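Subject: Structure handover

Hello,

The structure you asked about is below, and my notes on it follow. Please read them with the 3D view open.

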Amino acid sequence: TEAKPELSLEQEWNRQSQAYVELGFHTQLGMTEEEYLDSLPKFEPQPESFKGRFDIPVLVETRIAPQKQAELAELNYFLGGLKVADWDKDPKKYKTPDKPHTAWMNDGKLNLGKSVENVRKALSEDERGATIHDGIALYIARPEILKDHFIDLPGTKVESDRAPFLDLWFDDPRAHYL
């Protein structure tokens, strides 16, 4: 097997943070580009236990509502007017922070063909379900992922206990729910 090229976390941070600036996230927050970039956390080295499981570093913005983020990223958002919140049955009681953070994610292929309920039941001790914020951040960081498959976001519930997902609908990216 070929060795993967080493990912430069600094280059990846620059690429992702610049994408947020190009999409106008700083303007939404009433910040200059420099203030916005200074407000974003840097990536920490990938934990050894994540290697091969969570290999995608992602900057996650939480200061802007998901619907507005989706609009800025040109992601059709079909969750407007619905009750969208953190999954309240998360065994670790995860709550979306109110400030930007980083996350190590996977591309969702591991769970293809599995129901959201089964994915939620099978979360590892060091894992949580991706939220709508995580999903939009993953889309901004790696939009090409949706060309291969859709991505469920089991860390968020829509209405009573449905979950959002990201996919391409006739080549248009969207956030919808199951």
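Predicted model: local features only at pLDDT ≥ 70, side-chain atom pairs only at ≥ 80, totals over all residues.

The largest pocket

The largest pocket has a volume of about 600 Å³. It is lined by 32 residues, and those closest to its centre are Phe-54, Glu-127, Arg-128, Gly-129 and Ala-130. Which elements supply at least two residues of the lining each? They are strand 4 (101–105), helix 5 (116–121), helix 6 and strand 5 (151–152). Strand 4 gives the most, with four residues. By class, the lining of this pocket divides into 17 nonpolar, seven polar and eight charged residues.

The cavity

Rolling a probe the size of a water molecule over the atoms shows where empty space is left. The structure holds one cavity of 30 Å³ or more, and the volume of the largest cavity is about 30 Å³. Its lining is made of Gly-135, Leu-138, Tyr-139, Arg-142, Pro-143, Ile-145, Leu-146, Ile-151 and Leu-166. Sorted by class, that lining has seven nonpolar residues, one polar and one charged. Helix 6 (residues 132–141) gives the most to the lining of the largest cavity, with three residues.

The sheet

Strand 5 and strand 7 run antiparallel and are joined by two bridges. They belong to an open sheet of four strands in the order 2-8-7-5, with mixed pairing. Why is one side of strand 2 (76–77) and of strand 5 left without a neighbour in the sheet? Both stand at the edges and have a single partner strand each, so one side of each has no neighbour there.

The loop between strands 7 and 8

Phe-170 lies in the loop between strand 7 (164–169) and strand 8 (172–177), and Asp-171 lies in that loop as well. Phi of Phe-170 is near 50°, which is a positive value in a residue other than glycine. Asp-171 also has a positive phi without being glycine, with a value near 70°. Phe-170 has 70% relative accessibility, so Phe-170 counts as exposed. Asp-171 has a relative accessible area of 68%, and is therefore exposed.

Helix 1

Helix 1 (residues 9–22) has 14 residues, and at 1.5 Å a residue these should span 20 Å. The C-alpha atoms at the ends of helix 1 are 20 Å apart, so the model agrees with that expectation. If you try the sum yourself, note that the expected span is 1.5 Å times one less than the number of residues.

Which residues of helix 1 are buried? They are Glu-12, Trp-13, Gln-16, Ser-17, Ala-19, Tyr-20 and Val-21. An α-helix has 3.6 residues a turn, so residues three or four places apart point the same way. The buried residues of helix 1 pack against helix 2 (25–28), helix 3 (33–39), strand 1 (56–60) and helix 6. Just after helix 1, Gly-24 takes a positive phi of about 90°.

Regards

Note on methods: Residues numbered from 1 in each chain as written. Heavy atoms only, no water. 1 Å grid on protein atoms, 1.4 Å probe; cavity = no way out; pocket = protein on both sides within 12 Å on 5 of 7 lines; lining within 4 Å. Points joined across faces, edges and corners; volume = space filled by probe spheres on them. Nonpolar A, V, L, I, M, F, W, Y, C, P; charged D, E, K, R; others polar. Buried < 20%, exposed > 50% of the residue type's maximum accessible area, 1.4 Å probe, protein only. Contact = heavy atoms within 4.5 Å. Pairing = 2+ DSSP bridges.
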